Amino acid sequence: MGFVGLQMKQEDVTRKCIVSGKVLEKKHLLRFVATPEGVVVPDFKKRLPGKGVYVSVSRKNLHKAIDANLFAKALKHKIKPVDGLEDMVEQILRHQALQAISLARKAGDLLMGMDKVSEALKKGKVAFLLEATDAGADGAEKILRLAGDLKIYRLFATEELDTALNKINTVHVAFLKGDMSRKVSNEFEKFAYFLNS
């Protein structure tokens, strides 16, 4: 009885990628549904009606799914992806990652600015770092020395970070250890993986 329950639970958190055929945890997959009009759209928060189909978090795999008409094959009827689906997915993942930064700021779980970030690094309070893609070489080098083995994400330009954090000239951000940093890291990983694979 317990084993059957365990199997059901496992099936509930995993799905098969229509491109690779691999069974993965849902957090490593992107969910899509077909609208009643036969158009495939993203449904990452599972809010739309209809059977979901899944593609692993990868721009390359999403491109293959579109190119080889795999959404129609998986759902077994004539459908087509919404125009610009790849770019739409990138924008959604970007928005989710930026939104996670904003939530971490509101929760008081991040620090900004070279001095505060450096101090937190020295005290071992930091889970990971975010550095603007247009950061100056001097500051980037200093943070790199202090960071040691900590992960440094470079996903957004200063302007995007300024908007997310309601600040000016945001270049270095430290996320403090805790539950919030794990949530933010998951969003960063998903976005970064989509861009680079």
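At what angle do helix α5 and helix α6 pack, and how far apart are their axes? In this predicted model, helix α5, spanning residues 114-122, packs against helix α6, spanning residues 137-147, at an angle of about 15°, and the two axes are 9 Å apart. Angles under 35 degrees count as roughly parallel, and α5 and α6 are therefore roughly parallel to each other. The crossing of these two helices is left-handed. On the α5 side, the contact is made by Met114, Val117, Ser118, Leu121 and Lys122. The α6 side contributes Gly139, Lys142, Ile143, Leu146 and Ala147. Sorted by class, the contact of α5 with α6 comprises 6 nonpolar, 2 polar and 2 charged residues.

The crossing of α4 with α8 is left-handed.

The residues of α4 that meet α8 are Glu86, Val89, Glu90, Leu93, Arg94, Gln96, Ala97, Ala100, Ile101, Leu103 and Ala104. Their counterparts in α8 are Met180, Val184, Glu187, Phe188, Lys190, Phe191, Phe194 and Leu195. By class, 13 nonpolar, 1 polar and 5 charged residues make up the contact of α4 with α8.

Note on methods
Residues are numbered from 1 along each chain as its sequence is written. This is a predicted model: local features need pLDDT of at least 70, side-chain atom pairs count only at pLDDT 80 or more; totals for chains, interfaces and linings use all residues. Side-chain values use heavy atoms; hydrogens and water are left out. Axes are lines fitted to C-alpha atoms, for helices over the stretch in contact, and angles run from 0 to 180 degrees between N-to-C directions. Helices (H or I, at least four residues) and strands (E, at least two) are DSSP runs, numbered from the N terminus. Angles under 35 degrees count as roughly parallel, over 145 as roughly antiparallel, 65 to 115 as roughly perpendicular and the rest as oblique. A crossing is left-handed if the near helix is turned anticlockwise from the far one by less than a right angle, and right-handed if clockwise. Contact means heavy atoms within 4.5 Å. Ala, Val, Leu, Ile, Met, Phe, Trp, Tyr, Cys and Pro count as nonpolar, Asp, Glu, Lys and Arg as charged, and the others, Gly among them, as polar.
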